[in-house]
Structures are given as C-alpha cells and as structure tokens.
Amino acid sequence: MKNRLKVLRAERDWSQAELAGRLDVSRQAVNAIETGKYDPSLPLAFRIARLFEQAIEEIFDDEYAENDND
Amino acid sequence: MMNMRKMTMTDTRDNIGEQNLRKRNRRTLSWIAIGLIFGLIVGFILGFYEEGEGNFLTGDIANISLDPAIAILIAIAFIIGLVIYPLYTLKHVDELEVHINANAAAFGGLAMLVGFPVWQVLAVGGLLPDPTAIGLFAIGFVVSMGLYIWFKIRA
C-alpha cells in the first residue's frame with residue numbers, strides 16, 4: 001500500500017529510528033511500511049495517524065477506492 | 001507499555017524516539033540471549049545425562065536411555081523453550097516481527113506435514129532410508145529458520 005510516511009517523517013526531520021521509537025515498533029517495521037512491503041494493522045495505522053495529527057486516509061492511499069466508486 | 005507509548009507519541013523532545021528504540025533493541029537482544037543460554041543449558045543437561053549407544057542427532061533414539069526424572073525435566077524445558085517462551089516474547093515485539101514469525105512457523109509446520117509422506121514414499125522406493133522423527137523435526141526447523149531469515153532480509 002502506498003503511503004506518505006516517508007514524506008511526513010522528512011518534514012519533521014526524523015530518522016526511521018526516531019519514528020520507530022515514537023511508534024514503539026522496530027526500525028525495520030518503519031522501513032517495510034514506507035517501502036510498501038508491509039501494510040500496518042489498523043491499530044498501528046491509527047497510532048501513525050495520531051502521531052502526525054492526520055486522518056488515516058491522508059497518510060495511506062486507498063488503492064481500491066476508485067474501483068469501489070465505479 | 002501504554003504509558004510509555006502515550007508519552008512517546010506526545011513527547012516533543014529531540015531523539016526521544018531513538019532513545020526508546022535503543023531500549024527496545026537492548027530488550028530484544030536480552031531475550032535472544034536468555035533463549036540461547038536456556039537452550040545451551042538444556043542441551044548440556046541432555047548430553048550429560050543421556051546414556052546408551054544411541055544418538056539424538058543421528059536418529060538412533062531407540063538405543064538411548066534417560067533417567068525418568070531428567071526426561072520429565074527436559075520435556076518441560078522443551079515446552080517452555082519452544083512454546084511458552086516464544087509466545088511470551090512475541091507479545092512484546094512489533095507486529096512485523098509477529099507476522100514474519102507466524103509465516104515462518106506456518107511454513108515450517110507445513111514442511112513437516114508434507115515432509116513425512118514425501119520422505120516415506122522415497123524410502124519405499126529405495127531412494128532414502130526410512131524417515132526418522134529427528135529428521136522430520138530438522139526439516140521443520142531448517143525450513144522455519146531459513147524462511148525467517150529470508151523474510152527478515154526482504155522486509
């Protein structure tokens with residue numbers, strides 16, 4: 001799943017390790033989410049959204065939304 | 001855990017995340033070290049107390065004898081080391097680690113399930129010796145560990 005995590009992290013000048021520590025996950029988890037190799041669970045997605053003070057759909061791209069609206 | 005998480009989420013101090021991550025990594029390393037030490041102690045006890053001409057590693061289990069009390073102790077240690085301890089530690093790692101562990105364990109179990117009939121039919125055909133319990137365990141273990149490392153590298 002595409003997301004804006006890397007952009008949001010860069011805006012705050014945070015390293016992957018900094019973000020991982022704030023989310024209480026491993027640095028590898030942050031990297032896997034940023035590169036789209038792993039989709040976070042809903043609770044983790046909410047934690048990410050809370051940390052960046054944005055809605056989940058503003059961070060994560062709902063790739064199925066266009067198909068559902070057809 | 002929740003208090004730490006709330007504090008982390010709202011904390012504006014620089015590098016608070018990296019400090020938390022370092023603590024987290026130290027905790028993870030200590031769990032791995034405890035697991036390794038536990039395994040070494042169990043292996044040492046097993047090697048020290050097993051008697052007879054047999055050998056666990058070669059599958060010649062019929063010729064091994066073990067004091068019943070030691071056998072019970074080691075069986076309990078195996079359950080703790082292979083079931084209870086991993087499940088406990090999985091409650092304290094992040095969800096990616098749980099995901100990787102679950103996938104690796106599932107494929108390891110599948111390898112054992114499939115391994116027996118495949119090995120047995122090849123043995124009946126005269127291509128391999130008869131399957132052994134330790135051999136099947138080794139297949140499951142190697143597949144599980146191999147896939148765990150593969151998934152970790154790819155993540």
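Predicted model: local features only at pLDDT ≥ 70, side-chain atom pairs only at ≥ 80, totals over all residues.
**Ground rules.** I number residues from 1 along each chain as its sequence is written, with chains lettered from A and ligands numbered from 1 in the order in which they are written. Local features need pLDDT of at least 70, side-chain atom pairs count only at pLDDT 80 or more, totals for chains, interfaces and linings use all residues, and side-chain values use heavy atoms, with hydrogens and water left out.

**Chain B overall.** I looked up the helices first, taking helices (H or I, at least four residues) and strands (E, at least two) as DSSP runs numbered from the N terminus. Chain B has 5 helices and 0 strands. Of its 155 residues, 23% count as buried; buried means under 20% relative accessible area, exposed over 50%, and partly exposed in between (1.4 Å probe, protein chains only).

**Rings.** I then went through the aromatic pairs, where rings of Phe, Tyr and Trp (its six-membered ring) have centres within 6.5 Å, and planes under 30 degrees apart count as stacked, over 60 as edge-to-face and the rest as tilted. I find 4 of them over all chains. B:Phe44 and B:Phe48 are stacked, at 5.8 Å centre to centre with 25° between the planes. They sit 4 residues apart in helix H2 (residues 16-49) of chain B, so about one helical turn separates them. B:Phe44 is exposed at 59% relative accessibility, and B:Phe48 is exposed at 58%. B:Phe48 also pairs with B:Tyr49: the centres are 5.2 Å apart and the planes at 80°, so I note this pair as edge-to-face. B:Tyr49 is partly exposed at 38%.

**Salt bridges.** My rule here is a side-chain nitrogen of Lys or Arg within 4 Å of a carboxyl oxygen of Asp or Glu. The count over all chains is 6. A:Glu34 meets A:Arg9 at 2.5 Å, N to O. A:Glu34 lies in helix H3 (residues 27-34) and A:Arg9 in helix H1 (residues 5-11) of chain A, so the bridge ties together parts 25 residues apart in sequence. A:Glu34 is buried at 13%, and A:Arg9 is buried at 11%.

Next I checked A:Glu18 and A:Arg22, whose closest N and O atoms are 2.6 Å apart. Both lie in helix H2 (residues 16-23) of chain A, 4 residues apart. A:Glu18 is buried at 3%, and A:Arg22 is buried at 4%. Elsewhere, salt bridges with shared partners join A:Asp24, B:Arg24 and B:Asp94 into one network.
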